[in-house]
Amino acid sequence: MGYQPFAIKTLADYGYPTEGFRSKNWEEFATPDAPKMDFVFTVCDNAAGEACPIWPGQPMTAHWGIEDPAAVEGLDIEKQKAFNLAFRYLKNRISFLLALPIARLDKLALKNRLREIGEMEGATHKAEAQS
């Protein structure tokens, strides 16, 4: 996991702050003193097949697979285009998540909605609920 300049540029281009942020290993969030999370989403298909930790607080998890923009080879413009596309797919999914009436959904209905969101445009073939 390293610094990804195309990710930083994409966030900055869309007006998101980038100062002081960094990539983090999932192990940072699997410790007893980690921040409490309600949801955990994996987006890389190789992460969907990995053994994930037992997250503190047992948040709801889902796989929202998209093509890994860091795997794109070619000219910088092609790499940036891949990051912009990944950003738009994730932004759309997050918008749908935020619009859900979470307080009115039981756990099974919420799990199904998270899976459906993960199957939206741009989904890779492994989009499925994890737990």
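Angles under 35 degrees count as roughly parallel, over 145 as roughly antiparallel, 65 to 115 as roughly perpendicular and the rest as oblique. Welcome to the structure, which is a predicted model: local features need pLDDT of at least 70, side-chain atom pairs count only at pLDDT 80 or more, and totals for chains, interfaces and linings use all residues. Residues are numbered from 1 along each chain as its sequence is written, and side-chain values use heavy atoms, with hydrogens and water left out.

**The overall picture**

- The protein has 4 helices and 2 strands; helices (H or I, at least four residues) and strands (E, at least two) are DSSP runs, numbered from the N terminus.
- Of the 131 residues, 27% count as buried; buried means under 20% relative accessible area, exposed over 50%, and partly exposed in between (1.4 Å probe, protein chains only).
- Contact here means heavy atoms within 4.5 Å.
- Among contacts between residues at least 6 apart in sequence, 57% join residues at least 24 apart.

**Helix 1 with helix 3**

- Helix 1 (residues 5-13) and helix 3 have axes that come within 9 Å and cross at roughly 55°; axes are lines fitted to C-alpha atoms, for helices over the stretch in contact, and angles run from 0 to 180 degrees between N-to-C directions.
- Helix 1 and helix 3 are therefore oblique to each other.
- The crossing of this pair is right-handed; a crossing is left-handed if the near helix is turned anticlockwise from the far one by less than a right angle, and right-handed if clockwise.
- On the helix 1 side, the contact is made by F6, A7, K9, T10 and L11, and on the helix 3 side by D76, K79, Q80, F83, N84 and F87.
- Sorted by class, this contact of helix 1 with helix 3 has 5 nonpolar, 3 polar and 3 charged residues; Ala, Val, Leu, Ile, Met, Phe, Trp, Tyr, Cys and Pro count as nonpolar, Asp, Glu, Lys and Arg as charged, and the others, Gly among them, as polar.

**Helix 3 with helix 4**

- Helix 3 (residues 76-99) packs with helix 4 (residues 107-118) at an angle of about 160°, and their axes are 10 Å apart.
- That makes helix 3 roughly antiparallel to helix 4.
- This crossing, too, is right-handed.
- R93, F96 and L97 of helix 3 make the contact with L114, I117 and G118 of helix 4.
- The residues of this contact divide into 4 nonpolar, 1 polar and 1 charged.

**The nonpolar core**

- The largest nonpolar core has 8 residues, namely M60, A62, W64, L97, L100, L110, L114 and I117; such a core is a set of buried Ala, Val, Leu, Ile, Met, Phe, Trp, Tyr and Cys residues joined through side-chain atoms within 4.5 Å.
- Strand 2 (60-63) and helix 4 are the elements that give two or more residues to this core.
- Helix 4 supplies the largest share, 3 residues.
- Leaving out residues up to four places away in sequence, L100 touches L105, L110, R113, L114 and I117.

**Residues to look up**

- I77 lies in helix 3 and is exposed, with a relative accessible area of 67%.
- The C-alpha atoms of I77 and F6 are separated by 9.9 Å, although these residues are 71 residues apart along the chain.
- I8 belongs to helix 1 and is partly exposed, at a relative accessible area of 25%.
- Not counting residues up to four places away in sequence, I8 touches Y3 and T18, and the C-alpha atoms of I8 and T18 are separated by 6.4 Å.
- A123 sits in the segment after helix 4 and counts as partly exposed at 30% relative accessibility.
- With residues up to four places away in sequence not counted, A123 touches G65, R93 and G118.
- The C-alpha atoms of A123 and V43, 80 residues apart along the chain, are separated by 9.2 Å.
- Q58 is found in the loop between helix 2 (45-49) and strand 2, and counts as exposed at 66% relative accessibility.
- Q58 has a positive phi of about 50° although it is not a glycine.
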